[in-house]
Amino acid sequence: MAGYLVSDTRKVTTHRFIEMKQKGEKISVLTSYDFTTAGIVDRAGVDGILIGDSASNVMVGNQTTLPMTVDQMIYHARSVANAVKRALVICDMPFGSYQTGVHDGVTNAIRIMKESGCDALKMEGGVEILDTIKGILDAGIPVMGHLGLTPQSINKFGTYAVRAKEEKEAEKLLSDAHALAEVGCFGITLEKVPAALAEKVTNEIGIPTIGIGAGGKCDGQVLVIADMLGMTQGFSPRFLRRYADLNSVMTDAIGRYVTDVKSGDFPNESESY
């Protein structure tokens with residue numbers, strides 16, 4: 001069955017991500033962390049589904065992404081991969097799974113791919129982790145880079161503010177982007193960077209950029225599913241567009257259920273055996 005506004009039901013691959021950039025076709029990406037949600041997202045026609053380590057915040061309630069483990073990411077990624085027929089399934093490598101060196105990075109990458117069934121991995125960082133990225137690519141595993149605001153480094157930065165506003169950091173980000181493209185990454189996520197810088201990166205490299213808080217000139221966009229559906233509260237960054245208010249819808253529905261149970265209205269005769 002074709003997705004909403006999507007007639008091409010072929011499986012999306014990393015190669016097709018690059019093809020889409022070459023054709024000027026924008027790439028849509030959303031996060032998912034469970035089977036039911038991922039199935040809906042996939043059928044709606046999204047091109048890529050990211051099992052983000054944002055599961056730490058959204059699913060567990062942690063303040064940062066740092067506590068997520070390889071086991072936890074595999075659990076969420078397996079749940080998503082089981083549901084998806086069309087979208088490219090990308091899984092974040094969690095903090096601590098690749099920063100300790102090439103051997104650990106490759107070992108954990110292979111394990112995530114084998115046990116989750118996902119299509120590709122995403123890693124935060126530039127030239128500092130280039131050798132590890134190369135080792136993972138050499139093992140036959142596609143890698144998406146991630147530059148700008150890198151939440152796994154929150155304790156280093158101390159803030160979730162926009163990155164690369166100063167010339168020196170902007171130059172490093174551009175250099176890192178070229179390095180990631182040249183080593184063989186199939187795409188780069190750009191998070192919370194000035195739109196002009198994101199446009200420059202997008203124009204200079206041959207692989208797609210997926211923006212979140214990086215302006216409209218990136219090759220694609222990604223949002224956290226719970227944020228764009230209005231399930232989360234008290235989080236309203238400039239880049240977030242809410243496409244629904246599921247918090248209100250769910251609260252109302254659950255409230256009516258509670259009322260019906262307490263009044264004895266549910267279940268009624270037709271809902272009984």
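Okay, let's start with one word: a residue counts as buried when its relative accessible area is under 20%. Keep that cut-off in mind, because Ala 164, at 5% relative accessibility, falls on the buried side of it. One more thing before we go on: what you see above is a predicted model.

So, where is Ala 164? You'll find Ala 164 in the loop between helix H7, residues 154–157, and helix H8. Now look at the backbone there: Ala 164 has a positive phi, about 60 degrees, and yet Ala 164 is not a glycine.

Lys 192 is another one to look at. Lys 192 isn't a glycine either, and its phi is positive, at about 50 degrees. This lysine sits in the loop between strand E6 and helix H9, which covers residues 195–204. Is Lys 192 buried or exposed? Its relative accessible area is 18%, and the cut-off for buried is under 20%, so Lys 192 is buried.

Next up, rings. How many aromatic pairs does the structure hold? There are 2 of them, and I'll show you one: Phe 17 with Phe 186, an edge-to-face pair with 6.0 Å centre to centre and 65 degrees between the planes. Why do I like this pair?

Now the helices. Take H5, residues 102–116, and H6, residues 130–138: they pack at an angle of about 40 degrees, and their axes are 9 Å apart. That angle makes H5 oblique to H6, and H5 passes H6 in a right-handed crossing. Who touches whom? On the H5 side we have Val 102, Gly 105, Val 106 and Ala 109, and they meet Asp 131, Thr 132, Gly 135 and Ile 136 of H6. Sorted by class, that contact has 4 nonpolar, 3 polar and 1 charged residues.

H6 also packs against H8. Here the angle is about 20 degrees, with axes 10 Å apart, and H6 and H8 are therefore roughly parallel to each other. Their crossing is right-handed. H6 brings Leu 130, Ile 133, Lys 134 and Leu 137 to the contact, and H8 brings Ala 179, Leu 180 and Val 183. What classes do we get this time? The contact of H6 with H8 has 6 nonpolar residues, no polar ones and 1 charged.

Last stop: Asp 227, which is in helix H10, residues 225–228. Asp 227 counts as buried, at 9% relative accessibility. What does Asp 227 contact, if we leave aside its neighbours within four places in sequence? The answer is Thr 232, Phe 235, Leu 240 and Arg 242. And if you want a sense of scale, Asp 227 and Asp 104 are 33 Å apart in space, C-alpha to C-alpha, and 123 residues apart in sequence.

That's it from me, thanks!

Terms used
Residues numbered from 1 in each chain as written. Predicted model: local features only at pLDDT ≥ 70, side-chain atom pairs only at ≥ 80, totals over all residues. Heavy atoms only, no water. Phe/Tyr/Trp six-rings, centres within 6.5 Å; stacked < 30°, edge-to-face > 60°. Axes fitted to C-alpha atoms, helices over the stretch in contact; angles between N-to-C directions. Helix = DSSP H or I, 4+ residues; strand = E, 2+ residues; numbered from the N terminus. Parallel < 35°, antiparallel > 145°, perpendicular 65-115°, else oblique. Left-handed = near helix turned anticlockwise from the far one by under 90°. Contact = heavy atoms within 4.5 Å. Nonpolar A, V, L, I, M, F, W, Y, C, P; charged D, E, K, R; others polar. Buried < 20%, exposed > 50% of the residue type's maximum accessible area, 1.4 Å probe, protein only.
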